[in-house]
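Dear colleague,

I am handing over the structure we spoke about, and below it you will find my notes on what turned up in it. Please read them with the structure open beside you.

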Amino acid sequence: MTELDGTWATESEWTAIDEEFGHPDDTDGEPPQPVLAVVGRPNVGKSTLVNRILGRREAVVQDKPGVTRDRVAYDAMWNGRRFTVVDTGGWDPKADGLQASVTAQAELAMQTADAVLLVVDASVGATTTDEAAARVLRRSAKPVLLAANKVDDDRLMADVASLWSLGLGEPHPVSALHGRSSGDLLDAVLHALPATPKESFGAARGPRRVALIGKPNVGKSSLLNRLVGSERAVVDAVAGTTVDPVDSLVELDDEVWQFVDTAGLRKRVKTASGMEYYASLRTRAAIEAAEVAIVLLDASEPISEQDLRVLTMVVDAGRACVLALNKWDLVDEERRHQLTRELERGLVRVPWAERINVSALTGRSVRKLAPALRTALESWDQRVSTGRLNSWLTDLIAATPPPVRGGKQPRVLFATQAQTRPPTLVLFTTGFLEAGYRRFLERRFREEFGFVGTPVRLSVRVREKRPRKS
């Protein structure tokens with residue numbers, strides 16, 4: 001292989017290098033998945049059943065009604081087939097106020113799904129609310145399954161039989177808590193779901209995915225509502241109002257984005273407990289599922305350890321990032337000077353992230369988010385060809401060679417950008433490169449090629465010198 005400090009490789013040789021190391025992120029994405037909406041009145045065990053279907057604890061579960069408020073989508077798999085499960089809040093056609101909004105979200109999930117799973121508490125029997133939901137579902141043209149939940153033993157089988165009166169076909173007895181007959185229910189779900197969805201729900205080529213993250217009460221839900229132009233997420237002065245990630249389609253600058261509002265992170269995941277623990281896990285999952293994160297910082301307060309922990313999660317996940325300094329309407333001249341010093345000290349890990357001063361309350365500069373998101377995503381997707389990268393690198397190393405280590409100076413044989421999302425550079429060398437020199441290379445790489453708004457990963461692979469053939 002041609003070395004950087006030797007004879008230059010031809011263009012065909014650089015192409016061969018690209019093909020050798022491949023670009024695993026260059027895919028057309030997975031096909032859209034069919035959608036199952038799980039609906040029912042409050043406290044019948046919908047979220048517990050969703051967790052049973054997923055085979056993992058994702059949806060928030062507590063022994064009180066009304067924990068789930070928004071429709072939340074999760075990826076599921078059964079017998080090798082993937083589908084999307086949408087958990088909803090309690091459905092009550094006579095509700096008003098907040099509960100009426102929850103019901104509206106559940107009805108929207110029913111309308112956009114490919115199949116609906118109505119969950120009924122078998123220990124209580126069919127209530128008037130269950131009957132009202134069944135009437136609505138009978139008029140729909142999509143498959144409907146009936147799950148009789150909380151059937152922990154055979155003593156309730158007679159009550160299960162009475163649910164035939166709902167007119168939705170055979171009730172499927174199941175215990176979401178203990179897993180009884182959950183496999184039979186999933187087999188019925190797969191039989192009801194179409195091979196391909198009628199509507200594209202979260203398709204791979206859909207809107208770019210944006211996660212709104214930050215510590216509690218920093219203004220995430222307020223900003224989401226400002227962007228949507230309606231009360232999409234529940235907002236309250238009490239910190240921790242948002243529990244589940246909330247998906248919303250937002251149009252900014254004539255482009256549709258998929259925003260996810262997440263629960264505020266108070267503690268480290270391993271030290272959190274109860275609802276807070278699972279909210280932290282889902283926030284981490286929302287970051288992993290997003291392409292770019294808007295990290296909200298409260299500009300009126302000092303940057304805290306929680307803020308830095310959130311930023312670390314984004315960087316470690318390799319996601320593009322935009323910093324939004326919220327509550328700018330509360331910042332005076334003295335606070336601006338303090339904030340400048342705090343940003344210089346606290347944001348050393350993300351000097352590449354674009355910063356925007358916004359106010360979710362007044363709407364100040366929120367429209368500047370779209371250009372910043374585009375810039376970050378373009379950098380996240382950007383690739384530098386192997387030939388161009390090595391041409392730049394050979395000049396840089398000639399001017400500033402790596403420091404000597406163990407009496408020997410390591411040589412860089414060649415480099416390639418192995419992947420995007422995030423941009424990842426792989427340097428093949430004859431020896432280890434010091435951390436300070438790797439930071440120097442990343443800084444100069446950014447100066448030359450940009451990459452604003454995205455982390456850049458740099459990996460060093462030390463190659464042993466091969467003996468020459470005689």
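In which loop does Ser365 lie? Ser365 sits in the loop between strand S12 (354–357) and H11, where helices (H or I, at least four residues) and strands (E, at least two) are DSSP runs, numbered from the N terminus.

Before going further, please keep in mind that this is a predicted model, in which local features need pLDDT of at least 70 and side-chain atom pairs count only at pLDDT 80 or more, while totals for chains, interfaces and linings use all residues. Residues are numbered from 1 along each chain as its sequence is written, and side-chain values use heavy atoms, with hydrogens and water left out.

The whole chain

The protein chain comes to 13 helices and 15 strands. Of its 470 residues, 49% are buried, where buried means under 20% relative accessible area, exposed over 50%, and partly exposed in between (1.4 Å probe, protein chains only). Among contacts in the chain with a separation of 6 or more, 71% are between residues 24 or more positions apart; contact means heavy atoms within 4.5 Å.

The nonpolar cores

A nonpolar core is a set of buried Ala, Val, Leu, Ile, Met, Phe, Trp, Tyr and Cys residues joined through side-chain atoms within 4.5 Å. The largest one has 27 residues, and those with the most contacts inside it are Leu223, Leu227, Phe259, Ile294, Leu369 and Leu373. Among the elements that give two or more residues to this core are helix H7 (220–228), strand S9 (255–261) and helix H11 (369–381), and the largest share, seven residues, comes from H11. Apart from this core lies another, of 26 residues, among them Leu145, Ala147, Ala176 and Leu190. Not counting residues up to four places away in sequence, Leu227 touches Val250, Leu252, Phe259, Val366 and Leu369. In soluble globular proteins, nonpolar side chains tend to be buried together.

A cavity

There are two cavities of 30 Å³ or more in the structure. On a 1 Å grid over the protein atoms alone, a cavity is a set of points where a 1.4 Å probe fits but cannot get out, and lining residues have an atom within 4 Å of a point. The second largest cavity holds about 40 Å³ of space, a volume being the space filled by probe spheres set on the points, which are joined across faces, edges and corners. Its lining consists of Leu389, Trp392, Leu393, Ala415, Leu425, Leu427, Leu441 and Leu458, and helix H12 (386–399) and strand S14 (424–429) are the elements that give two or more residues to it. H12 gives the most, with three residues.

Some backbone details

Strand S14 also contains Thr424, which is buried at a relative accessible area of 12%. Leaving aside neighbours within four places in sequence, Thr424 is in contact with Thr416, Gln417, Ala418, Gln419 and Arg457. In the loop between strand S13 (412–419) and S14 lies Pro422, and a cis peptide bond, with omega about 0°, joins Arg421 and Pro422.

Ser365, with which these notes began, has a positive phi of about 60° although it is not a glycine, and Ser365 counts as buried because its relative accessibility is 19%. Ser181 has a positive phi of about 60° although it is not a glycine, and Ser181 counts as partly exposed because its relative accessibility is 28%.

With best wishes

Key. 1 Å grid on protein atoms, 1.4 Å probe; cavity = no way out; pocket = protein on both sides within 12 Å on 5 of 7 lines; lining within 4 Å.
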